[in-house]
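User: I'd like to go through this model with you piece by piece, starting from single residues and working up to the packing. Could you take my questions as they come?

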Amino acid sequence: MSDRRVLTGMRTTGPLHLGHYVGALKLWLEAQKDSDLECFFLLADLQALTTHADRPDLIRNSVREVVLDWIAVGLEYWKPNIHFVLQSQVPARALLSQLLSNVARWSEVQRNPTIQSELAHQGSPSAGFMIYTVDQAADIFMVSPVPKKGNRLLVPVGADQLPHLNDARDWARRFNRTYSEVFVPCEGQVGLVGRLVGTDGSSKMSKSLGNAIMLSDSPDVVTQKVMSMYTDPNRARKTDPGNPDTNPVFEYLRAFHPNQNQVMHWANMYRAGVLGGESIGDVQLKKELAATLNILLEPIRQRRKEAQELALGDIVEAGTIRTNEIAEEVTSRAMEAMHLGFPVNL
Ligand code: TRP
(Lines give C-alpha, C1' and ligand atoms only; values in the text may rest on other atoms or scores of the structure.)
Protein backbone atom coordinates (compact mmCIF):
# COMPACT_ATOMS: atom_id res chain seq x y z
CA MET A 1 0.00 0.00 0.00
CA SER A 2 1.33 3.43 -0.88
CA ASP A 3 1.01 6.42 1.44
CA ARG A 4 -0.64 9.35 -0.26
CA ARG A 5 -1.06 12.39 1.93
CA VAL A 6 -2.40 15.92 1.60
CA LEU A 7 -1.22 18.74 3.81
CA THR A 8 -2.49 22.27 3.52
CA GLY A 9 -3.46 25.05 5.85
CA MET A 10 -4.70 28.52 6.61
CA ARG A 11 -3.52 31.13 9.04
CA THR A 12 -5.95 31.77 11.85
CA THR A 13 -6.36 35.54 11.64
CA GLY A 14 -10.13 35.74 11.18
CA PRO A 15 -13.16 34.12 9.57
CA LEU A 16 -12.84 33.10 5.92
CA HIS A 17 -14.14 34.80 2.78
CA LEU A 18 -15.03 33.97 -0.82
CA GLY A 19 -11.37 34.30 -1.87
CA HIS A 20 -10.47 31.39 0.43
CA TYR A 21 -13.36 29.43 -1.02
CA VAL A 22 -12.50 29.70 -4.72
CA GLY A 23 -8.73 29.83 -4.23
CA ALA A 24 -8.24 26.92 -1.85
CA LEU A 25 -11.26 25.34 -0.18
CA LYS A 26 -12.79 24.08 -3.42
CA LEU A 27 -9.59 22.11 -4.03
CA TRP A 28 -9.62 20.75 -0.50
CA LEU A 29 -13.20 19.55 -0.99
CA GLU A 30 -12.04 17.69 -4.10
CA ALA A 31 -9.07 16.15 -2.28
CA GLN A 32 -11.13 14.78 0.60
CA LYS A 33 -13.32 12.76 -1.78
CA ASP A 34 -10.51 10.25 -2.27
CA SER A 35 -10.68 8.08 0.84
CA ASP A 36 -7.18 6.69 0.10
CA LEU A 37 -5.74 10.15 0.65
CA GLU A 38 -4.99 11.06 4.24
CA CYS A 39 -5.71 14.79 4.55
CA PHE A 40 -4.16 17.14 7.10
CA PHE A 41 -5.77 20.58 7.33
CA LEU A 42 -3.58 22.86 9.37
CA LEU A 43 -4.84 25.66 11.60
CA ALA A 44 -1.73 27.82 11.30
CA ASP A 45 -1.81 29.72 14.59
CA LEU A 46 1.99 30.01 14.76
CA GLN A 47 2.12 31.42 11.26
CA ALA A 48 -0.63 33.88 12.27
CA LEU A 49 1.75 35.06 14.98
CA THR A 50 4.30 36.14 12.36
CA THR A 51 2.04 39.07 11.44
CA HIS A 52 -0.25 39.31 14.50
CA ALA A 53 2.04 38.79 17.51
CA ASP A 54 0.20 41.55 19.37
CA ARG A 55 -3.21 39.87 18.92
CA PRO A 56 -3.19 36.54 20.82
CA ASP A 57 -6.90 36.93 21.51
CA LEU A 58 -7.68 37.34 17.82
CA ILE A 59 -5.63 34.27 16.88
CA ARG A 60 -7.27 32.12 19.55
CA ASN A 61 -10.80 33.16 18.54
CA SER A 62 -9.96 32.72 14.88
CA VAL A 63 -9.05 29.08 15.39
CA ARG A 64 -12.71 28.52 16.22
CA GLU A 65 -13.95 30.69 13.34
CA VAL A 66 -11.80 28.86 10.81
CA VAL A 67 -12.87 25.43 12.07
CA LEU A 68 -16.51 26.54 11.78
CA ASP A 69 -15.92 27.79 8.24
CA TRP A 70 -14.18 24.56 7.22
CA ILE A 71 -17.05 22.45 8.51
CA ALA A 72 -19.52 24.90 6.96
CA VAL A 73 -18.10 24.51 3.46
CA GLY A 74 -18.23 20.74 3.83
CA LEU A 75 -14.92 19.37 5.10
CA GLU A 76 -15.83 15.95 6.50
CA TYR A 77 -14.05 16.05 9.83
CA TRP A 78 -15.72 12.85 11.03
CA LYS A 79 -14.03 10.67 8.41
CA PRO A 80 -10.96 8.69 9.48
CA ASN A 81 -8.82 10.14 6.66
CA ILE A 82 -9.55 13.78 7.55
CA HIS A 83 -7.59 15.60 10.26
CA PHE A 84 -7.82 19.16 11.54
CA VAL A 85 -4.46 20.04 13.12
CA LEU A 86 -3.52 22.84 15.49
CA GLN A 87 -0.06 23.89 14.35
CA SER A 88 1.23 25.12 17.73
CA GLN A 89 0.45 21.75 19.34
CA VAL A 90 2.89 19.73 17.25
CA PRO A 91 6.26 20.17 19.00
CA ALA A 92 8.19 17.98 16.55
CA ARG A 93 7.20 20.37 13.77
CA ALA A 94 9.15 23.21 15.38
CA LEU A 95 12.27 21.06 15.60
CA LEU A 96 11.94 20.07 11.96
CA SER A 97 11.57 23.74 11.11
CA GLN A 98 14.90 24.49 12.74
CA LEU A 99 16.58 21.67 10.83
CA LEU A 100 15.19 22.93 7.52
CA SER A 101 16.21 26.51 8.26
CA ASN A 102 19.79 25.33 7.84
CA VAL A 103 19.10 23.69 4.50
CA ALA A 104 17.30 26.71 3.05
CA ARG A 105 19.56 29.47 1.74
CA TRP A 106 18.92 33.00 2.98
CA SER A 107 19.03 34.24 -0.62
CA GLU A 108 16.22 31.84 -1.54
CA VAL A 109 14.11 32.98 1.38
CA GLN A 110 14.59 36.65 0.47
CA ARG A 111 13.69 36.07 -3.18
CA ASN A 112 10.18 34.85 -2.33
CA PRO A 113 7.65 37.32 -3.84
CA THR A 114 5.47 37.43 -0.71
CA ILE A 115 8.47 38.27 1.45
CA GLN A 116 9.64 40.89 -1.04
CA SER A 117 6.30 42.66 -1.27
CA GLU A 118 5.89 42.63 2.50
CA LEU A 119 9.34 44.17 2.89
CA ALA A 120 8.46 46.85 0.35
CA HIS A 121 5.11 47.71 1.93
CA GLN A 122 5.51 47.07 5.58
CA GLY A 123 9.10 48.09 6.23
CA SER A 124 9.84 46.20 9.40
CA PRO A 125 8.37 42.69 9.49
CA SER A 126 9.10 40.35 12.40
CA ALA A 127 12.04 37.95 12.18
CA GLY A 128 9.47 35.14 12.35
CA PHE A 129 7.76 36.51 9.27
CA MET A 130 11.02 36.63 7.34
CA ILE A 131 11.49 32.88 7.72
CA TYR A 132 7.88 31.78 7.54
CA THR A 133 8.31 30.07 4.18
CA VAL A 134 10.90 27.78 5.78
CA ASP A 135 8.57 27.16 8.69
CA GLN A 136 5.82 26.35 6.21
CA ALA A 137 8.07 23.75 4.61
CA ALA A 138 8.20 22.10 8.05
CA ASP A 139 4.38 22.11 8.13
CA ILE A 140 4.40 20.17 4.91
CA PHE A 141 7.22 17.71 5.53
CA MET A 142 6.21 16.86 9.08
CA VAL A 143 3.75 14.46 7.46
CA SER A 144 6.05 13.27 4.69
CA PRO A 145 5.62 9.61 3.82
CA VAL A 146 8.84 7.63 3.39
CA PRO A 147 10.30 8.18 -0.08
CA LYS A 148 9.29 5.19 -2.13
CA LYS A 149 7.44 4.61 -5.36
CA GLY A 150 3.77 5.53 -5.15
CA ASN A 151 4.09 7.67 -2.02
CA ARG A 152 2.96 11.26 -2.57
CA LEU A 153 2.69 14.48 -0.64
CA LEU A 154 0.15 16.86 -2.19
CA VAL A 155 -0.40 20.50 -1.25
CA PRO A 156 -3.56 22.12 -2.67
CA VAL A 157 -3.26 25.91 -2.26
CA GLY A 158 -4.12 29.30 -3.65
CA ALA A 159 -1.87 30.40 -6.53
CA ASP A 160 0.07 32.89 -4.37
CA GLN A 161 1.53 29.96 -2.42
CA LEU A 162 3.23 28.28 -5.38
CA PRO A 163 6.64 29.96 -4.93
CA HIS A 164 6.65 28.71 -1.33
CA LEU A 165 6.01 25.16 -2.51
CA ASN A 166 8.74 25.29 -5.15
CA ASP A 167 11.21 26.36 -2.48
CA ALA A 168 9.94 23.67 -0.11
CA ARG A 169 10.47 21.03 -2.78
CA ASP A 170 14.00 22.29 -3.44
CA TRP A 171 14.82 22.14 0.26
CA ALA A 172 13.49 18.59 0.58
CA ARG A 173 15.57 17.47 -2.39
CA ARG A 174 18.65 19.21 -1.02
CA PHE A 175 18.13 17.56 2.36
CA ASN A 176 17.77 14.14 0.74
CA ARG A 177 20.93 14.68 -1.30
CA THR A 178 23.03 16.06 1.54
CA TYR A 179 22.05 13.57 4.25
CA SER A 180 19.82 10.71 3.21
CA GLU A 181 16.40 10.16 1.68
CA VAL A 182 13.92 11.31 4.32
CA PHE A 183 11.29 13.39 2.52
CA VAL A 184 8.95 12.93 -0.40
CA PRO A 185 9.21 16.20 -2.39
CA CYS A 186 5.84 17.94 -2.21
CA GLU A 187 3.61 18.65 -5.20
CA GLY A 188 1.54 21.83 -5.34
CA GLN A 189 -1.97 21.89 -6.76
CA VAL A 190 -3.81 25.08 -7.74
CA GLY A 191 -7.35 25.63 -8.93
CA LEU A 192 -8.70 27.26 -12.09
CA VAL A 193 -9.70 30.48 -10.41
CA GLY A 194 -6.61 31.96 -8.84
CA ARG A 195 -6.94 34.89 -6.53
CA LEU A 196 -10.21 36.76 -6.29
CA VAL A 197 -10.21 40.57 -6.44
CA GLY A 198 -11.89 42.49 -3.65
CA THR A 199 -15.31 44.11 -3.99
CA ASP A 200 -13.46 47.39 -4.55
CA GLY A 201 -11.75 45.92 -7.61
CA SER A 202 -8.38 47.19 -6.44
CA SER A 203 -6.46 44.23 -5.08
CA LYS A 204 -6.98 40.80 -3.65
CA MET A 205 -9.90 40.10 -1.37
CA SER A 206 -8.87 40.58 2.23
CA LYS A 207 -10.81 41.13 5.41
CA SER A 208 -8.34 43.72 6.65
CA LEU A 209 -8.79 45.77 3.46
CA GLY A 210 -12.57 45.81 4.02
CA ASN A 211 -13.26 44.45 0.53
CA ALA A 212 -14.25 40.90 1.44
CA ILE A 213 -17.48 38.93 1.37
CA MET A 214 -17.28 36.56 4.30
CA LEU A 215 -18.62 33.00 4.15
CA SER A 216 -20.55 33.83 7.31
CA ASP A 217 -22.12 37.08 6.05
CA SER A 218 -25.93 37.22 6.25
CA PRO A 219 -27.97 37.45 3.01
CA ASP A 220 -28.61 41.17 3.63
CA VAL A 221 -24.94 41.92 4.14
CA VAL A 222 -23.98 39.98 1.01
CA THR A 223 -26.57 41.87 -1.04
CA GLN A 224 -25.50 45.22 0.37
CA LYS A 225 -21.80 44.49 -0.32
CA VAL A 226 -22.56 43.39 -3.89
CA MET A 227 -24.78 46.38 -4.63
CA SER A 228 -21.99 48.75 -3.62
CA MET A 229 -19.30 46.94 -5.62
CA TYR A 230 -16.90 48.76 -7.89
CA THR A 231 -17.77 48.28 -11.60
CA ASP A 232 -16.66 50.17 -14.71
CA PRO A 233 -16.22 53.86 -13.81
CA ASN A 234 -16.39 54.88 -17.47
CA ARG A 235 -19.91 53.60 -17.99
CA ALA A 236 -22.62 56.14 -17.18
CA ARG A 237 -25.63 54.46 -18.83
CA LYS A 238 -26.34 50.82 -19.53
CA THR A 239 -26.28 51.53 -23.26
CA ASP A 240 -22.65 52.77 -23.02
CA PRO A 241 -20.01 50.22 -24.05
CA GLY A 242 -18.18 48.90 -20.97
CA ASN A 243 -15.28 46.61 -20.11
CA PRO A 244 -16.36 43.33 -18.48
CA ASP A 245 -12.73 42.14 -18.18
CA THR A 246 -11.75 44.65 -15.52
CA ASN A 247 -15.10 44.66 -13.75
CA PRO A 248 -15.07 42.63 -10.51
CA VAL A 249 -18.80 41.92 -10.81
CA PHE A 250 -18.01 39.92 -13.94
CA GLU A 251 -15.04 38.27 -12.29
CA TYR A 252 -17.34 37.00 -9.54
CA LEU A 253 -20.00 35.93 -12.04
CA ARG A 254 -17.32 33.95 -13.89
CA ALA A 255 -16.17 32.37 -10.64
CA PHE A 256 -19.58 31.53 -9.17
CA HIS A 257 -22.47 31.65 -11.67
CA PRO A 258 -23.77 28.16 -12.57
CA ASN A 259 -24.54 29.16 -16.19
CA GLN A 260 -21.37 30.41 -17.86
CA ASN A 261 -23.04 30.78 -21.29
CA GLN A 262 -25.38 33.27 -19.72
CA VAL A 263 -22.42 35.15 -18.21
CA MET A 264 -20.70 35.26 -21.59
CA HIS A 265 -23.84 36.64 -23.19
CA TRP A 266 -24.04 39.39 -20.53
CA ALA A 267 -20.35 40.16 -21.07
CA ASN A 268 -20.90 40.57 -24.82
CA MET A 269 -23.84 42.89 -24.21
CA TYR A 270 -21.83 44.84 -21.66
CA ARG A 271 -18.92 45.28 -24.04
CA ALA A 272 -21.15 46.39 -26.93
CA GLY A 273 -23.46 48.63 -24.92
CA VAL A 274 -26.37 47.63 -27.14
CA LEU A 275 -26.44 44.14 -28.66
CA GLY A 276 -29.42 42.93 -30.73
CA GLY A 277 -31.42 45.79 -29.26
CA GLU A 278 -30.66 44.67 -25.70
CA SER A 279 -28.55 46.18 -22.92
CA ILE A 280 -27.58 45.15 -19.42
CA GLY A 281 -26.98 47.53 -16.52
CA ASP A 282 -24.78 47.27 -13.46
CA VAL A 283 -27.74 47.11 -11.11
CA GLN A 284 -29.22 44.09 -12.88
CA LEU A 285 -25.86 42.32 -12.96
CA LYS A 286 -25.36 42.99 -9.28
CA LYS A 287 -28.79 41.59 -8.47
CA GLU A 288 -27.94 38.45 -10.41
CA LEU A 289 -24.63 38.18 -8.55
CA ALA A 290 -26.17 38.73 -5.11
CA ALA A 291 -28.72 36.00 -5.84
CA THR A 292 -26.02 33.62 -7.08
CA LEU A 293 -23.86 34.18 -4.00
CA ASN A 294 -26.74 33.83 -1.60
CA ILE A 295 -27.73 30.51 -3.18
CA LEU A 296 -24.15 29.31 -2.80
CA LEU A 297 -23.79 30.57 0.76
CA GLU A 298 -27.15 29.46 2.20
CA PRO A 299 -26.19 25.80 2.88
CA ILE A 300 -22.81 27.02 4.17
CA ARG A 301 -24.52 29.33 6.68
CA GLN A 302 -26.85 26.53 7.71
CA ARG A 303 -24.03 24.06 8.35
CA ARG A 304 -22.06 26.75 10.18
CA LYS A 305 -24.97 27.28 12.53
CA GLU A 306 -25.25 23.54 13.23
CA ALA A 307 -21.49 23.26 13.75
CA GLN A 308 -21.66 25.72 16.68
CA GLU A 309 -23.01 22.83 18.76
CA LEU A 310 -20.12 20.45 18.04
CA ALA A 311 -17.26 19.64 20.39
CA LEU A 312 -14.79 21.42 18.12
CA GLY A 313 -11.92 21.05 20.59
CA ASP A 314 -12.21 17.26 20.45
CA ILE A 315 -12.18 17.27 16.65
CA VAL A 316 -9.00 19.34 16.55
CA GLU A 317 -7.39 17.33 19.32
CA ALA A 318 -7.95 14.02 17.53
CA GLY A 319 -6.42 15.32 14.30
CA THR A 320 -3.50 16.85 16.17
CA ILE A 321 -2.75 13.60 18.02
CA ARG A 322 -2.57 11.69 14.73
CA THR A 323 -0.28 14.37 13.28
CA ASN A 324 2.04 14.24 16.28
CA GLU A 325 2.51 10.49 15.76
CA ILE A 326 3.67 11.03 12.21
CA ALA A 327 5.63 14.23 12.85
CA GLU A 328 7.63 12.63 15.67
CA GLU A 329 8.62 9.77 13.42
CA VAL A 330 9.53 11.97 10.45
CA THR A 331 11.48 14.37 12.63
CA SER A 332 13.48 11.57 14.26
CA ARG A 333 14.35 10.24 10.83
CA ALA A 334 15.54 13.73 9.87
CA MET A 335 17.54 14.05 13.12
CA GLU A 336 19.16 10.70 12.50
CA ALA A 337 20.01 11.59 8.91
CA MET A 338 21.78 14.68 10.25
CA HIS A 339 23.60 12.59 12.87
CA LEU A 340 21.77 14.36 15.66
CA GLY A 341 20.75 11.16 17.44
CA PHE A 342 21.18 10.93 21.18
CA PRO A 343 24.95 10.31 21.59
CA VAL A 344 24.98 6.93 23.35
CA ASN A 345 28.61 6.30 22.42
CA LEU A 346 30.17 9.50 23.75
N1 TRP B 1 0.59 30.35 4.09
C2 TRP B 1 -0.73 29.79 3.97
C3 TRP B 1 -1.71 30.96 3.78
O4 TRP B 1 -1.40 32.08 4.12
C5 TRP B 1 -1.15 28.97 5.15
C6 TRP B 1 -0.29 27.77 5.41
C7 TRP B 1 0.42 27.52 6.56
C8 TRP B 1 -0.06 26.67 4.55
N9 TRP B 1 1.05 26.34 6.48
C10 TRP B 1 0.81 25.77 5.25
C11 TRP B 1 -0.48 26.34 3.26
C12 TRP B 1 1.26 24.60 4.67
C13 TRP B 1 -0.01 25.15 2.69
C14 TRP B 1 0.86 24.29 3.40
O15 TRP B 1 -2.82 30.75 3.34
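User: Where is the place of Asp-135?

Analyst: Asp-135 lies in helix 8, residues 132-141, where helices (H or I, at least four residues) and strands (E, at least two) are DSSP runs numbered from the N terminus. Before going on, please note that this is a predicted model, in which local features need pLDDT of at least 70 and side-chain atom pairs count only at pLDDT 80 or more, while totals for chains, interfaces and linings use all residues. Residues are numbered from 1 along each chain as its sequence is written, and side-chain values use heavy atoms, with hydrogens and water left out.

User: Is Asp-135 buried or exposed, and what is Asp-135 in contact with?

Analyst: Asp-135 counts as buried at 18% relative accessibility; buried means under 20% relative accessible area, exposed over 50%, and partly exposed in between, with a 1.4 Å probe and protein chains only. Leaving aside neighbours within four places in sequence, Asp-135 is in contact (heavy atoms within 4.5 Å) with Gln-87, Arg-93 and Ser-97.

User: Where is the kink in helix 1 centred?

Analyst: The kink, of about 45 degrees, is centred on Ala-24, the bend at a residue being the angle between axes fitted to the seven residues ending there and the seven starting there. From first C-alpha to last, helix 1 reaches 19 Å, close to the 20 Å expected at 1.5 Å a residue, where the expected span is 1.5 Å times one less than the number of residues.

User: Which residues have the most contacts inside the largest nonpolar core?

Analyst: Those are Trp-70 and Phe-84, in a core of 61 residues; a nonpolar core is a set of buried Ala, Val, Leu, Ile, Met, Phe, Trp, Tyr and Cys residues joined through side-chain atoms within 4.5 Å. Helix 1, residues 18-31, gives the most to this core, with 9 residues. A second, separate core of 37 residues includes Ala-168, Ala-172, Phe-183 and Val-330.

User: What does Phe-84 touch?

Analyst: Beyond four places in sequence, the residues that Phe-84 touches include Phe-41, Trp-70, Tyr-77, Ile-315 and Thr-320.

User: Last one: which residues of helix 9 are buried?

Analyst: The buried residues of helix 9 are His-164, Leu-165, Asp-167, Ala-168, Trp-171, Ala-172, Phe-175 and Asn-176. The 17 residues of helix 9 (residues 162-178) should span 24 Å at 1.5 Å a residue, and its end C-alpha atoms are 24 Å apart, which agrees.
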